[in-house]
Amino acid sequence: MRKCAKAFLFLVMLTIVATDFSGCSSSGLFKASAQENGKSPKKDLQDAPNVTFKDLQGKDVRLADLKGKVVVVNFWATWCEPCQIEIPWMIGFQEKYADKGFTLLGVAMDDEGKSVVGPYVEKTQFDVDGKKMPMNYPIVIGNDDLSSKFGGLIGLPTTVVVGRDGKIHKRFLGLVSHDELEKEIKELL
């Protein structure tokens with residue numbers, strides 16, 4: 001009987017720990033630390049990296065060119081289920097805040113790159129408040145070298161919030177809460 005109780009307790013603890021994991025990695029689960037999701041004190045803010053992405057048309061998109069805007073850099077992939085949950089929120093944020101000095105930058109991390117991401121972005125519609133909408137924000141192709149400049153990726157999605165000052169204000173690992181991300185955006189606008 002005691003062995004059964006210990007086994008049951010172990011399974012309950014394992015379930016609790018597993019619910020703290022959210023996100024995708026190529027190996028499945030990805031660990032997110034609440035402390036890593038915390039806001040850094042203003043004096044410790046890091047500069048956003050000086051990176052240049054390629055968009056789906058092959059044009060350069062420099063993060064530095066977006067300084068002066070609040071930029072949400074969202075690392076995602078077409079196969080990542082938590083990313084699919086976030087995308088409608090991202091579309092909504094772009095629609096709601098674009099005219100207030102905000103942009104979202106979707107960094108697709110699919111190994112196959114543009115050949116998979118391009119058709120996905122072109123064909124996929126998302127339910128945003130009852131309306132079917134395409135991704136309405138710039139989509140760029142990422143890779144391990146580019147993501148390492150943001151501190152590397154443990155898994156997907158990973159979202160980095162850059163203020164108008166060009167500094168990283170927040171980093172979310174895993175599925176971000178809609179309300180928490182919107183609160184961060186509004187505070188920086």
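**Reading a central strand**

Modeller: From β4, the side chains of Val70, Val72, Asn74 and Trp76 point one way and those of Val71, Val73 and Phe75 the other, and all are buried. Buried means under 20% relative accessible area, exposed over 50%, and partly exposed in between, with a 1.4 Å probe and protein chains only. Strand β4 covers residues 70-76, and seven of its seven residues are buried. Strands (E, at least two residues) and helices (H or I, at least four) are DSSP runs, numbered from the N terminus. The model is predicted, so local features need pLDDT of at least 70, side-chain atom pairs count only at pLDDT 80 or more, and totals for chains, interfaces and linings use all residues. Residues are numbered from 1 along each chain as its sequence is written, and side-chain values use heavy atoms, with hydrogens and water left out.

Colleague: In which order do the eight strands form the open sheet?

Modeller: Strands of a sheet pair through backbone hydrogen bonds, either parallel or antiparallel. Two strands count as paired if DSSP finds at least two bridges between them. Here the order is β1-β10-β9-β4-β5-β8-β2-β3, with mixed pairing. β1 (46-47) and β3 (60-62) are at the edges with a single partner strand each, so one side of each has no neighbour in the sheet.

Colleague: Which sense of pairing, parallel or antiparallel, joins β4 to β5, and which joins β4 to β9?

Modeller: β4 and β5 (residues 102-108) are parallel, over seven bridges; Trp76 has Ala108 of β5 as its bridge partner. β4 and β9 (residues 158-162) run antiparallel, joined by five bridges, and Val73 stands opposite Val160.

Colleague: What hand has the β-α-β unit of β4, α2 and β5?

Modeller: A crossover is right-handed if, with the strands pointing away from the viewer, the path from the first strand over the helix to the second runs clockwise. The unit of β4, α2 (residues 81-97) and β5 is right-handed.

Colleague: How many aromatic pairs are there?

Modeller: Rings of Phe, Tyr and Trp (its six-membered ring) pair if their centres lie within 6.5 Å; planes under 30 degrees apart are stacked, over 60 edge-to-face, and the rest tilted. The count is five aromatic pairs. Among them, Tyr97 and Phe102 are edge-to-face, 6.2 Å centre to centre with 75 degrees between the planes. Tyr97 is buried at 4% relative accessible area, as is Phe102 at 1%. Phe53, Phe75 and Phe150 form one aromatic cluster.
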